[in-house]
Amino acid sequence: MKLFDTLTQTQKEINKKVINIYSCGPTIYDYIHIGNARPIILMDTLIRFLESSGVKVNFLQNITDIDDKIIEKALSENKTEKEITDKYLSAFLDNLNKLNIRRPNKLIPISERILEMDRFISKLVNLDAAYNVNGDVYFDIQKFTDEYGKLSNKKIQDLISGNRVEVDIKKNNPLDFSIWKKTNKGVMFNSIFGKGRPGWHTECVLLVDEYFSGETIDIHLGGIDLQFPHHENERIQFIAKNNKELANIWMHNGHLTIDGEKMSKSLGNVMTLTNFLNEYSSDILRWIFLTTYYKQPLNISDDIIEQAKKFIQKIDNLSKKIKQVIITEQITMSGYIDDNILDEFKIHMQDDLNTSRVLTLIEEVLKDINRLISLNELKALSTKINSLNYIFKTLGFSMCVNVFASEEEKDIFWAWKKAVSEKEFEKADEIRAILISKGIL
Ligand SMILES: Nc1ncnc2c1ncn2[C@@H]1O[C@H](COP(=O)(O)OP(=O)(O)OP(=O)(O)O)[C@@H](O)[C@H]1O
Ligand SMILES: [Zn+2]
């Protein structure tokens, strides 16, 4: 399949039997918002599709449980960092369950890798790619001027003269970034450099390096806001240590916006995922994300939520209709799938996850299904419905169209018909309520 790579700004072919993937995980100091769910659902869609095509996926994700934001929150709430991270990690995992996310093969809290971090940073220092200033360790950009800035298409000189970086007298160069931070505040760890804690950019690259044994991985994913400096800094450390690219494909999702602005904790315009899922559903959020090319910004609005609700309602109504057809026409659905529909689905997904085109395909299949029902051409019905259900499952939706009616359901349905025809309206109403609760009417 083809996926867009930020580094080369091209669509790259990726056709392997085993695919290694890394995605930057959350910093667990607060509930995640629906913007944070965009890379999560994007990754889930990609992995589900790859696995449905027989690819073995090794998916690694970190949990940033050491960070200044966590320390600040712990201090402000008079709690330990662990109390904060335990609370938000369990909320995050609960969110993943409710979103029906295929779990990473490995989900590693960085606090479990401090020894390895020490070794990784020492290696960079020994290679002269980093330097220690009284217990603060910095990456030395000056040694990598050929490579630094390539991922985000920035020139080192522009970055310095653009005054985008704070001046720190301990650094050789204003762009050098902290990889081990000496500290006397908040949680800290022993290292050969003294007490401190790791820098965020090193957390991710260390895990990639360790878990995938220093080999270039296939896909690295994160939101576009992480492209610079976070991913640039991950990449340069990997190159410094291994003399090879970190990832073959750098995937970046566009922002979820609200009133045209990035949804972000710092701007205070967030809707937490928990609240969204309480009010709407995981299927509604998935549908909304699928409407737009993942690299484009996507604005969340009442309007798009309404459209999503209508879609889900349409599937629900169809499901009921099919169940009634199965009962009244006494048909049994086959297990066959329409290969043409599946082929088309695959072609769109292989085209850099052209999910909006997949939604159009779904609408076409729905039209076909309704046409077959109105013409009473029931033989071809099951292959269409099975194909639709296959697509829903592969995209991680929990909804599907009924293809079966139990004997009990059939009996209740006919009892209702009988009550209606015999004008026993009270009884008919009672049975009708049962049929509604069973999703038949
Ligand atoms: N509005 C958004 N739309 C899409 N992706 C986003 C959005 N905000 C954050 N992300 C992505 O979510 C993932 C987790 O990011 P991170 O933990 O840095 O977010 P955050 O600190 O909560 O962001 P913020 O403080 O801006 O709300 C990253 O891949 C990031 O790019
Ligand atoms: Zn990262």
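**Entry 1: the zinc site**

I began at the zinc ion (ligand 2), whose site is irregular, with angles of 81 to 127° among its four donor atoms. I noted the rule: four donors are tetrahedral if all angles lie between 85 and 135 degrees; four are square planar and six octahedral if opposite donors are over 155 degrees apart and all others between 65 and 115; anything else is irregular. For reference, the ideal angle is 109.5 degrees for four tetrahedral donors.

The model is predicted: local features need pLDDT of at least 70, side-chain atom pairs count only at pLDDT 80 or more, and totals for chains, interfaces and linings use all residues. Residues are numbered from 1 along each chain as its sequence is written, chains are lettered from A and ligands numbered from 1 in the order in which they are written, and side-chain values use heavy atoms, with hydrogens and water left out.

Which protein atoms are the donors of the zinc ion (ligand 2)? I found Cys 24 (SG), Cys 204 (SG), His 230 (NE2) and Glu 234 (OE), lying 2.1 to 2.3 Å from the ion. Donors here are N, O and S atoms within 2.8 Å of the metal (3.2 Å for Na, K and Ca); water is not among the atoms, so sites may look incomplete. Along the chain, the donors of the zinc ion (ligand 2) are spaced C-x179-C-x25-H-x3-E. I then looked up one pair: Cys 204 in helix 6 (residues 200–211) and His 230 in helix 7 (residues 227–242) are 26 residues apart and link distant parts of the chain. Helices (H or I, at least four residues) and strands (E, at least two) are DSSP runs, numbered from the N terminus.

Are Cys 204 and His 230 buried or exposed? Both are buried. I use buried for under 20% relative accessible area, exposed for over 50%, and partly exposed for in between (1.4 Å probe, protein chains only).

**Entry 2: helix 7**

I stayed with helix 7. It is largely enclosed by the rest of the structure, because 13 of its 16 residues are buried. Pro 229 sits in helix 7. The peptide bond leading from Phe 228 to Pro 229 is cis, with omega near 0°. Just after helix 7 comes Asn 243, with a positive phi of about 55°.

**Entry 3: two loops with positive phi**

I looked at Asn 134 next. Asn 134 is not a glycine, yet its phi is positive, about 50°. The residue lies in the loop between strand 6 (130–133) and strand 7 (136–139). Its relative accessible area is 65%, so I logged Asn 134 as exposed.

Where does Asp 259 lie? I placed it in the loop between strand 12 (256–258) and strand 13 (261–262). Asp 259 also has a positive phi, near 50°, in a residue other than glycine. Asp 259 is exposed because its relative accessible area is 74%.

Lys 323 is in helix 10 (residues 302–328). I counted Lys 323 as buried because its relative accessible area is 6%. Which residues does Lys 323 contact, leaving aside neighbours within four places in sequence? I listed Asn 402, Phe 404, Ala 405, Glu 409, Gly 439 and Ile 440. Contact means heavy atoms within 4.5 Å. Between Lys 323 and Ile 41, 282 residues apart in sequence, the C-alpha distance is 31 Å.

Gln 350 is in helix 11 (residues 339–350). At 35% relative accessibility, Gln 350 is partly exposed. Not counting residues up to four places away in sequence, Gln 350 touches Met 1, Lys 2 and Phe 49.

Asp 86 belongs to helix 3 (residues 81–98). Asp 86 is partly exposed, at a relative accessible area of 40%.

**Entry 4: the whole protein**

The protein has 15 helices and 14 strands. Its C-alpha atoms fill a box of roughly 90 × 50 × 35 Å along the principal axes. Of the 441 residues, 52% are buried. Among contacts between residues at least 6 apart in sequence, 75% join residues at least 24 apart.
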